[in-house]
Amino acid sequence: MSSALVLLPSPAIGHLISMVELGKFILSSQPSLSIHILIIPAPYSAGKTSSYIENVAATVPSIYFHHLPAVSPHSTTAANHETLTFEVLRLSQPNVCQILISISETSTVNALVLDFFCAVHLSVASALKIPCYFFYTSPAACLALFLYTPINHRKYTKSFKDLNGTFLDVPGLPPIPATDMPKPVLDRNDKAYEFFLEASEILPKASGIIINTYESLEPRPLKAISEGQCVPDSTTPPIFCIGPLIATRNEKDFTVNGVGNLKDGLPEWLTWLDSQPSRSVVFLCFGSLGLFSKEQLMEIAIGLERSGQRFLWVVRNPPAIEKGLAISAQADPDLDSLLPDGFLTRTKDRGYVVKSWAPQVAVLNHDSVGGFVTHCGWNSVLEAVWAGVPMVAWPLYAEQRFNRIVMVQDMKIALSMDESEDGFVTAMEVEKRVTELMESESGKLVREQTIAMKKAAKEALSESGSSRVALSKLTESWKRDI
């Protein structure tokens, strides 16, 4: 029988893209494998994936997608997306088991690779005697934090949100303010906290953990993890750093600088970007779930105008509310109603506002782009590093406040956007940070470090680089586990 690898991402498109890139990377060294990706429908509006999946299926024939039946979470209202995701993934265990049995009838399943959110499916793999690995789509620093979660759970009796002024001591990391822990675990009485705690206890039981990072970007946390400091009461499984895995195509089949397929000709904003000086434009883009109120959009606009910097800014509608959760409104935004009167006219010679979406990887690699204001999602961070573009870190949800800490303090590839207690950022702060990034000595240092990490990323993925070596060790471990 032929050999197969089964990948199970969580429903959000960012996690799906990372899993697909992992599959492509594995195929680059194991072309005879077939890759089977299981798709569990999201319990909330997580961004459309159909066109992306169709493109991958058409261009990479060794990758197959299996759409599992939708299941409804028990909670009709939840405090966050993560709780709904964990519930739906748990309820999908019978469906995952059934599809694994089906694939096993025609292929030898070398391994099941689970997203961190899918930890409960380790029991399914064990029951079917299939080697199970985890793919961690956040940085190694975040993995260190979660592996250490049971220790912190026993150490503190209060919720992290109530530990103002307390810094958590985690091996391999700088001191972490308790209130900067990932949002779903801030309240220990929240169901999401229970799910994350359970997952952190399951993780060390896997045959190995794959991380979308590379050794020279995160040496401190990787050393702590590998030495067993983060799981002092158990055995740490082998760690495989195989990044950075970057999506080279976006779902609208569009790239710039002469690469890719431009179906409808050059858009106006790209013509504008082509006309700007090298490394002069600040790009502002905030991910598939990064949404702002009208008041916050106004502040960003005022700050950009006052800064005098050139900018390309992706603006989306303020969030709509669905079942108590903020979701993206699908329609393009009405810029005239969301931005200050006359803003577009006054800034037309040095700024451009794009409605709803832009091909982020392509934009970051454009010669005119010299800075990136980002929500600190790990895919976006890696894409910026790959392009050698320094960042201003403006976290919005999930583990992004934590990511900001390590990006600024350990990796030194970003400046910090500072917000008020309720998360609001003033126009003065926007003006200050984009100017600092583009003109100051601290911005220059961040730029130099990011370019150095870009070079290191290319080396990691070279033929004899650390990520290629890790990939070889990973595929060899499957053969031993079978």
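A residue counts as buried when its relative accessible area is under 20%. Ala 398 has a relative accessible area of 17%, so it is buried. One more thing before we start: what you're looking at is a predicted model.

**Nonpolar cores**

- In soluble globular proteins, nonpolar side chains tend to be buried together.
- The largest nonpolar core here has 105 residues, and the ones touching the most other members are Phe 160, Phe 283, Leu 312, Met 391 and Met 407.
- Helix α6, covering residues 140–147, gives the most to this core, putting in eight residues.
- Take a look at Phe 283: leaving out residues up to four places away in sequence, it touches Leu 312, Val 314, Gln 360, Val 363, Leu 364, Val 369, Gly 371, Phe 372 and Val 373.
- Another core lies apart from that one; it has 32 residues, including Ile 53, Phe 65, Ile 242 and Leu 474.

**Aromatic rings**

- A pair of aromatic rings is described by the distance of the centres and the angle of the planes.
- The count of aromatic pairs in this model comes to 20.
- One of them is Phe 286 with Phe 292: the ring centres are 4.8 Å apart and the planes sit at 85°, and since planes over 60 degrees apart count as edge-to-face, that's what this pair is.
- Both partners are tucked away: Phe 286 counts as buried at 4% relative accessibility, and Phe 292 counts as buried at 9%.
- Trp 313 and Phe 343 make another edge-to-face pair, with centres 6.3 Å apart and planes at 90°.
- This second pair links distant parts of the chain, as Trp 313 is in strand β11 (residues 310–315) and Phe 343 is in helix α13 (residues 343–346), 30 residues apart.
- Trp 313 has 0% relative accessibility, so it counts as buried, and Phe 343 is also buried at 0%.

**Helices and their neighbours**

- Helix α3 (residues 81–91) is largely enclosed by the rest of the structure, because nine of its eleven residues are buried.
- Those buried residues are His 81, Glu 82, Thr 83, Leu 84, Thr 85, Phe 86, Glu 87, Val 88 and Leu 89.
- Helix α15 (residues 378–387) and helix α18 (residues 441–460) have axes that come within 7 Å and cross at roughly 95°.
- Angles from 65 to 115 degrees count as roughly perpendicular, so that's how α15 sits to α18.
- On the α15 side, the contact uses Ala 384, Val 385, Trp 386 and Ala 387, which meet Thr 450, Met 453, Lys 454, Ala 457 and Lys 458 in α18.
- Sort the residues of that α15 and α18 contact by type and you get six nonpolar, one polar and two charged.
- Now try helix α1 (residues 13–29) and helix α2 (residues 50–59), whose axes come within 11 Å and cross at roughly 5°.
- Angles under 35 degrees count as roughly parallel, so α1 and α2 are roughly parallel to each other.
- Here Leu 16, Ile 17, Val 20 and Glu 21 of α1 meet Tyr 52, Ile 53 and Val 56 of α2.
- That α1 and α2 contact divides into six nonpolar residues, no polar ones and one charged.

- Most residues other than glycine have a negative phi, and most peptide bonds are trans.
- The peptide bond from Gly 243 to Pro 244 is cis, with omega near 0°, and Pro 244 sits in the loop between β9 (239–241) and α10 (268–274).
- Arg 279 isn't a glycine, yet it has a positive phi of about 55°.
- You'll find Arg 279 in the loop between α10 and β10 (281–284), where it is partly exposed with a relative accessible area of 39%.
- Ala 398, the residue we opened with, has a positive phi too, near 55°, and belongs to the loop between β16 (391–393) and α16 (400–411).
- Asn 189 lies in the loop between β7 (176–177) and α8 (191–202) and counts as exposed at 70% relative accessibility.
- The C-alpha atoms of Asn 189 and Lys 158 are separated by 9.6 Å, with the two residues 31 apart along the chain.

Key
Residues are numbered from 1 along each chain as its sequence is written. This is a predicted model: local features need pLDDT of at least 70, side-chain atom pairs count only at pLDDT 80 or more; totals for chains, interfaces and linings use all residues. Side-chain values use heavy atoms; hydrogens and water are left out. Axes are lines fitted to C-alpha atoms, for helices over the stretch in contact, and angles run from 0 to 180 degrees between N-to-C directions. Helices (H or I, at least four residues) and strands (E, at least two) are DSSP runs, numbered from the N terminus. Angles under 35 degrees count as roughly parallel, over 145 as roughly antiparallel, 65 to 115 as roughly perpendicular and the rest as oblique. Contact means heavy atoms within 4.5 Å. Ala, Val, Leu, Ile, Met, Phe, Trp, Tyr, Cys and Pro count as nonpolar, Asp, Glu, Lys and Arg as charged, and the others, Gly among them, as polar. A nonpolar core is a set of buried Ala, Val, Leu, Ile, Met, Phe, Trp, Tyr and Cys residues joined through side-chain atoms within 4.5 Å. Buried means under 20% relative accessible area, exposed over 50%, partly exposed in between (1.4 Å probe, protein chains only). Rings of Phe, Tyr and Trp (its six-membered ring) pair if their centres lie within 6.5 Å; planes under 30 degrees apart count as stacked, over 60 as edge-to-face and the rest as tilted.
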